[in-house]
Amino acid sequence: METVKDRLKEKGYKLTPQRRATLDTIIENKGKHLSTEEIYDIVKEKCPEIGLATVYRTLQLLDELDIISKINLDDGCSRYELNDDDDNHQHHHLICTKCGAIIEVGVDLLDELESEIERNYNFTISDHKVKFFGHCSKCNKSCS
Ligand SMILES: [Zn+2]
Ligand SMILES: [Zn+2]
Ligand SMILES: [Zn+2]
């Protein structure tokens with residue numbers, strides 16, 4: 001929380017109660033990939049006076065400051081999650097096209113591919129967003 005406060009301050013922003021409630025909601029729901037509307041519904045319980053526009057702007061601000069990331073899981077809404085440790089790349093997401101389950105893959109596994117790309121294209125990779133589509137273990141079971 002201290003680093004978040006510092007980062008906001010650096011850019012001239014304050015950690016207002018609304019911003020804090022929005023961030024707390026994301027921290028408390030780590031791994032759930034909440035959408036803007038879902039975050040708003042939870043924040044509203046803590047801050048009844050907050051508006052959807054404020055939550056929306058707060059999410060954009062936290063994204064700009066690299067505290068959270070917007071993820072697009074191809075279900076038509078913007079979802080957010082807390083960033084992993086500073087110099088880590090984003091974890092991969094497995095998306096079940098049958099039941100919509102989202103599974104996180106914590107290991108990068110792309111080191112070889114990344115160094116090959118960096119070599120061949122003279123490109124420095126800072127991050128990536130990897131999505132795999134398919135059927136989760138539950139759905140695999142029910143079709144066999
Ligand atoms: Zn990587
Ligand atoms: Zn599934
Ligand atoms: Zn995730």
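Two strands pair if DSSP finds at least two bridges between them. Strands (E, at least two residues) and helices (H or I, at least four) are DSSP runs, numbered from the N terminus.

This is a predicted model, in which local features need pLDDT of at least 70, side-chain atom pairs count only at pLDDT 80 or more, and totals for chains, interfaces and linings use all residues. Residues are numbered from 1 along each chain as its sequence is written, and chains are lettered from A and ligands numbered from 1 in the order in which they are written.

**Exercise 1.** Describe the hairpin of β4 and β5.

Solution. 
- Step 1: β4 (residues 92-96) and β5 (residues 102-105) pair in the antiparallel sense over four bridges.
- Step 2: Opposite H93 stands E104 in β5.
- Step 3: Five residues separate the strands, and G100 in the turn has a positive phi of about 80 degrees.

**Exercise 2.** Is H128 buried, partly exposed or exposed?

Solution. 
- Step 1: H128 has 13 C-beta neighbours inside 10 Å.
- Step 2: With C-beta atoms placed from the backbone, 20 or more others within 10 Å means buried, 12 or fewer exposed, and in between partly exposed.
- Step 3: H128 therefore counts as partly exposed.
- Step 4: H128 lies in the loop between α5 (111-121) and β6 (131-134).
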